[in-house]
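Hello,

Here is the structure I promised to pass on to you. Please open it alongside this email, and then read on for what turned up in it.

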Amino acid sequence: MGVQGEERTIGVYLHVPFCLRKCPYCDFKSVARPGLSEAEGEAYADALIKELSSVIEREGLSNRPLETVYFGGGTPTLLAPSVIKRLIGSVRGAFAGCGTKGPEITIEANPDTVSFERLKGFREAGATRISIGVQSFDESILGTLGRTHTARRAVEAFKEAREAGFDNIGLDLIFGVPGQSIRDWEESVAGVLALQPEHISLYGLTIEEGTEFFRAYKDTKRLPDEDDVAQMYESAVRTLKDAGYRHYEISNWARPGYESVHNSRYWRVKDYIGCGVGAHSFLSFPEWGRRWWNTPSLEEYIEGVSAKGSAVKGMETLTREEAVLESMVLGLRMLEEGIKGEGFRARFGLYPKEAFPATEALLSDGLMASSGEDLILTHRGAVLSDAVFLKMLSQMA
Ligand code: SF4
């Protein structure tokens, strides 16, 4: 199956694996490197550029229009603005063009690694959007999460980003943290709203194996009650709606026109190339598509890319059944857009309701809603999304 029209665009994810220190709940591919030197940053950027150009050549992607670039981590703002500028220039130069609007270029930031000057540098380097990891406005919750920054520093970083020219700022919060009450959570949501960012992401804490939190909270009695966690989410849904934000994805809200274009590519199952330690890539061809991922080790990554331009650790080719399931589950995450029945049928030869017989029960339980063959999750379906997806998976045609 060829890639045509708007589907031809591509997104690039660049993973920067360095952090000031390792947060105890984090299972992202990151290492503590508080004194990262400019030379180390430059050497890592060289590897990213080399890997990207070898993927583009291998896959024949140079004529694809670049839609998005996303610097994720880790903490990309540990790199110097000059390094980010060089990376943006290399990525843009590697593709045919990027349409009239120019690509959306996002950089994730930790409040403790930025200043007005650095933020101005990132903006001038070409970043169009910044996503600041605030996590909480409560000092004791920030302490539990092992964050290096204070709530006050997060507010300052937001204001500095505005002054530096960012007119598209996202703030992230975490809920369901040990010791967090519903009231603490509501105060953090109010703290975010007071700053009026364009984009807000709210993530429920998950305790991942291999993290310090996994060892500390194996006894789940020390975690907030499940009903309280659901209430935190629901209260945020109401508050952000009243404040005029669009709840466009299960964990994401935006002012109209400020939805994350890059992350929407993942939910719409569009092509992206991920470079860097542990990064994942997806291409929707041939047939049902394939994905691959890099080694999680920084040393192996640098060695692999220096020697052969690649540090791929694993690869999988999707079966039709996997592609059907992925399109459905990721598409339903987009709460306003949902699944378009005709588009789904054009790709897979049957309507979503035919592919997932459980849909009828989910519709009558009020967890999903339909308009003709189009499907969306309802508000209740979004709250119970894990259960909805499990039920669909258990009955696939
Ligand atoms: S700053 Fe982010 S990526 Fe780095 S350790 Fe903390 S949670 Fe993980």
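Below is a short tour, going from the whole chain to single residues.

First, please keep in mind that this is a predicted model.

**The chain as a whole**

The chain contains 16 helices and 16 strands. Its C-alpha trace extends about 60 × 50 × 40 Å along the principal axes. The radius of gyration is 21 Å, which agrees with the value near 21 Å for a compact globule, because the chain has 397 residues. Of those 397 residues, 53% are buried. Among contacts with a separation of 6 or more, 70% are between residues 24 or more positions apart. The chain exposes about 17,400 Å², with 51% of that area supplied by carbon and sulfur atoms.

**Around the ligand**

Which residues would you look at around the ligand? They are Cys 19, Arg 21, Lys 22, Cys 23, Tyr 25, Cys 26, Phe 28, Ser 30, Gly 73, Gly 74, Thr 75 and Arg 147. Sorted by class, this shell has five nonpolar, four polar and three charged residues.

Two members of the shell, Gly 73 and Gly 74, are also joined by a cis peptide bond, with omega near 15°. Gly 74 sits in the loop between strand E4 (66-73) and helix H2 (81-94).

**Two buried residues**

Arg 265 belongs to helix H9 (residues 261-267). Is this arginine buried or exposed? Its relative accessible area is 1%, under the 20% cut-off, so Arg 265 counts as buried. A polar atom of its side chain lies 2.7 Å from the backbone oxygen of Thr 9. Beyond its neighbours within four places in sequence, Arg 265 has contacts with Thr 9, Ile 10, Gly 11, Glu 67, Thr 68, Lys 270 and Asp 271.

Trp 292 is in strand E13 (residues 290-294), and it too is buried, with a relative accessible area of 1%. Not counting residues up to four places away in sequence, Trp 292 touches several others, including Val 55, Arg 58, Glu 59, Ile 273, His 280 and Met 315. The C-alpha atom of Trp 292 is 27 Å from that of Phe 356, which is 64 residues away along the chain.

**A partly exposed glutamate**

Glu 336 is in the loop between helix H11 (320-333) and helix H12 (341-348). With 40% relative accessibility, this glutamate is partly exposed. Its side chain makes a polar contact of 2.6 Å with the side chain of Arg 246.

**Backbone details to look at**

Most residues other than glycine have a negative phi, and most peptide bonds are trans. Here are some places that depart from that.

- Phe 285 and Pro 286 are linked by a cis peptide bond with omega of about -10°; Pro 286 is in the loop between strand E12 (280-283) and E13.
- Gln 196 has a positive phi of about 55°. Its place is the loop between helix H6 (182-195) and strand E8 (199-204), and it is exposed at 51% relative accessible area.
- Val 269 also has a positive phi, near 55°. This valine is in the loop between H9 and strand E11 (272-275) and counts as buried at 18% relative accessibility.

How values were computed
Residues are numbered from 1 along each chain as its sequence is written. This is a predicted model: local features need pLDDT of at least 70, side-chain atom pairs count only at pLDDT 80 or more; totals for chains, interfaces and linings use all residues. Side-chain values use heavy atoms; hydrogens and water are left out. A residue is near a molecule or strand if one of its heavy atoms lies within 4 Å of it. Ala, Val, Leu, Ile, Met, Phe, Trp, Tyr, Cys and Pro count as nonpolar, Asp, Glu, Lys and Arg as charged, and the others, Gly among them, as polar. Helices (H or I, at least four residues) and strands (E, at least two) are DSSP runs, numbered from the N terminus. Buried means under 20% relative accessible area, exposed over 50%, partly exposed in between (1.4 Å probe, protein chains only). A polar contact is a pair of N or O atoms within 3.5 Å; within protein, one must be able to donate a hydrogen and the other to accept it, and residues adjacent in sequence count only if both atoms are side-chain atoms. Contact means heavy atoms within 4.5 Å. The radius of gyration is taken over C-alpha atoms; the globule rule is 2.2 Å times the number of residues to the power 0.38. Accessible areas come from the Shrake-Rupley method with a 1.4 Å probe; for residues, only the protein chains shown count as cover.
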